[in-house]
Amino acid sequence: MACLVSPLAIAQKQTVCTVTINSADEKETFRKFLPADKYDFVELVERNRPDWLGSACEQKVSCDVLLISGHHGEGNVFFSDALDRGEHLPVAELERVACSDSCPNLFANLKEVYLFGCNTMNPEAQHTVGGEITRSFIREGRSPAEAARLTNVLRAERGESSRDRMRLVFKDVPVIYGFSSTAPLGASAGVTLNRYFQSSGSREVAKGRVSAGLLRQFSGQSMVAGRGMASGDSLAALRGDVCSFSNDRMTAAQRLESVHKIMQRPVAESRLLLDRIEHFAKTLDANTRKQPEVAQAIERMARDTATRDRYLAFARDADQPETRARMIGVAHAVGWLSPQQRRDELLQMFGEMLASKSVAGTEVGLACSLNKDGALNGDADRLAGVAARADSVGHSAILACLGSAEARTHALKGLVSSDDADVRIAQFYLRHRPITDVAELRAVTRAIAGMNGTEAQARALDVLARHYLSDRDSVETLKQLFARTPAWPVQNAIAGVLLRADPKAAANPEVLRTLREYRLKSLPEGNMVDALIERLRLS
């Protein structure tokens with residue numbers, strides 16, 4: 001006689017959705033203790049399929065419990081440390097699913113979410129809310145006290161901590177478990193979950209109530225519990241803005257209209273959404289701009305000079321040049337700056353950098369990045385006159401990023417300077433503008449070989465190692481330095497250069513003989529000199 005399963009029993013079966021980016025320990029522990037007649041497990045990740053989350057939407061999967069396991073760090077993405085796994089899950093993709101009408105079922109019935117990753121429920125704001133925000137409110141007519149109060153409100157409601165982002169994604173979900181700081185590795189988490197289930201069984205899972213027992217088991221590992229955003233929540237306005245960027249049912253023109261409305265508010269608010277605005281602006285390619293609705297939306301924005309002026313005033317007053325440059329890029333993308341006006345804004349920014357008494361390495365990197373295509377070449381001579389210090393490596397490096405050959409020569413001298421700050425500036429510069437000319441490389445190598453000071457010389461050699469050395473004259477210079485230096489860090493750094501060099505230039509009997517004869521006994525174990533000797537011996 002066949003056994004019949006009642007419709008009620010089928011209806012009560014819960015779906016546990018798992019997203020296994022890194023460790024499967026947590027998933028397997030849940031599966032071990034949750035009875036198969038009450039819980040179905042659905043793994044959402046499909047190996048070698050980038051759109052696996054979209055696939056789950058198409059299959060109309062509906063989750064009662066969601067378990068995500070993966071490393072979670074800067075960039076707001078879950079990722080794996082396994083080299084053979086390319087799967088990852090950006091939080092932005094979770095936002096897209098949560099905000100889009102194209103995937104209404106996946107998270108609609110969630111009762112609990114388990115986030116096994118570091119800082120998934122960290123309450124610290126990810127956006128810096130500081131002086132530029134307060135000053136913008138004052139420019140808009142607020143008193144200093146009111147400006148300070150509004151800044152604090154923005155910090156609380158728009159700082160977008162990891163916890164807030166998860167609360168936005170999992171709207172109305174009764175329980176979200178995560179970690180406020182470092183999370184345990186998968187194997188350790190599996191052991192702790194095993195103890196929890198042995199003491200509590202499966203009776204607390206998918207009930208939509210916080211388990212004191214689970215929090216107690218993870219009490220020494222920063223696990224916390226929260227709930228998804230509910231109606232009337234202070235984050236509701238932020239969620240509306242986030243969804244205006246993430247809803248994949250909106251057209252480009254509709255999103256542009258939403259961006260325009262956001263930017264018509266106090267600029268402080270749009271500043272805190274700059275990441276999303278900037279990402280959207282990059283989607284406005286030539287073909288998209290030809291769409292009549294998009295072209296009309298851009299034209300309407302271009303005519304909004306009041307909003308444009310407030311926005312650019314904020315950009316020019318930004319605390320960080322990088323923020324200013326990004327805002328200038330967005331202004332150009334939405335039609336507020338012509339190509340020439342964008343160039344003028346950037347040159348004004350560089351002029352202010354050069355007029356300051358000191359230059360940071362990050363500013364050098366920014367200048368090189370913004371001129372990576374050489375479009376700003378030719379303006380360095382005009383800006384050189386405003387430089388506060390003609391002898392400064394930092395000022396020279398910015399001018400070199402803008403195409404000045406004379407400034408490049410001076411910037412490279414910073415690499416062999418006795419001033420630690422100059423060396424670091426030169427390092428920043430060479431990351432963006434490496435040495436490709438053989439004569440220049442020989443000159444730099446000789447200069448490094450003539451340096452005094454072990455630490456500075458070793459650091460300069462580390463910079464040289466990033467260049468694929470193929471010049472025999474330079475190798476000879478390093479060989480001679482290896483023989484005469486009394487410092488093992490310098491010998492180790494020389495070996496690092498030669499390990500990365502062209503084998504045809506570095507692999508010769510004289511180099512091997514020199515390494516063996518002059519290798520310092522003080523070299524610690526695991527050094528690069530021994531590794532180089534072994535490689536040359538086998539070559």
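Which residue forms a disulfide with Cys17? In this predicted model, the partner of Cys17 is Cys63, and their sulfur atoms are 2.0 Å apart. The structure holds 4 disulfides. When the bonded cysteines are numbered in sequence order, they pair as 1-3, 2-5, 4-6 and 7-8.

**Cys17 and Cys63**
- The torsion about this S-S bond is about -95°, so the disulfide is left-handed.
- The bond links distant parts of the chain, 46 residues apart: Cys17 belongs to strand β1 (residues 14–20), while Cys63 sits in the loop between α3 (52–58) and β3 (65–69).
- Cys17 is buried, because its relative accessible area of 0% falls under the 20% cut-off.
- Cys63 is likewise buried, with a relative accessible area of 0%.

**Cys57 and Cys103**
- A disulfide joins Cys57 to Cys103, with an S to S distance of 2.0 Å.
- This pair also links distant parts of the chain, from Cys57 in helix α3 to Cys103 in the loop between α4 (91–99) and β7 (112–116).
- Its S-S torsion is about -85°, so this disulfide is left-handed.
- Cys57 is buried at a relative accessible area of 11%, and Cys103 counts as buried at 6%.

**Cys99 and Cys243**
- Cys99 and Cys243 are joined by a disulfide with an S to S distance of 2.0 Å.
- Cys99 lies in helix α4 and Cys243 in helix α10 (residues 236–246), so the bond ties together parts that are 144 residues apart in sequence.
- The link is left-handed, with -65° about the S-S bond.
- Both Cys99 and Cys243 are buried.

Terms used. Residues numbered from 1 in each chain as written. Predicted model: local features only at pLDDT ≥ 70, side-chain atom pairs only at ≥ 80, totals over all residues. Heavy atoms only, no water. Disulfide = S-S within 2.5 Å. Helix = DSSP H or I, 4+ residues; strand = E, 2+ residues; numbered from the N terminus. Buried < 20%, exposed > 50% of the residue type's maximum accessible area, 1.4 Å probe, protein only.
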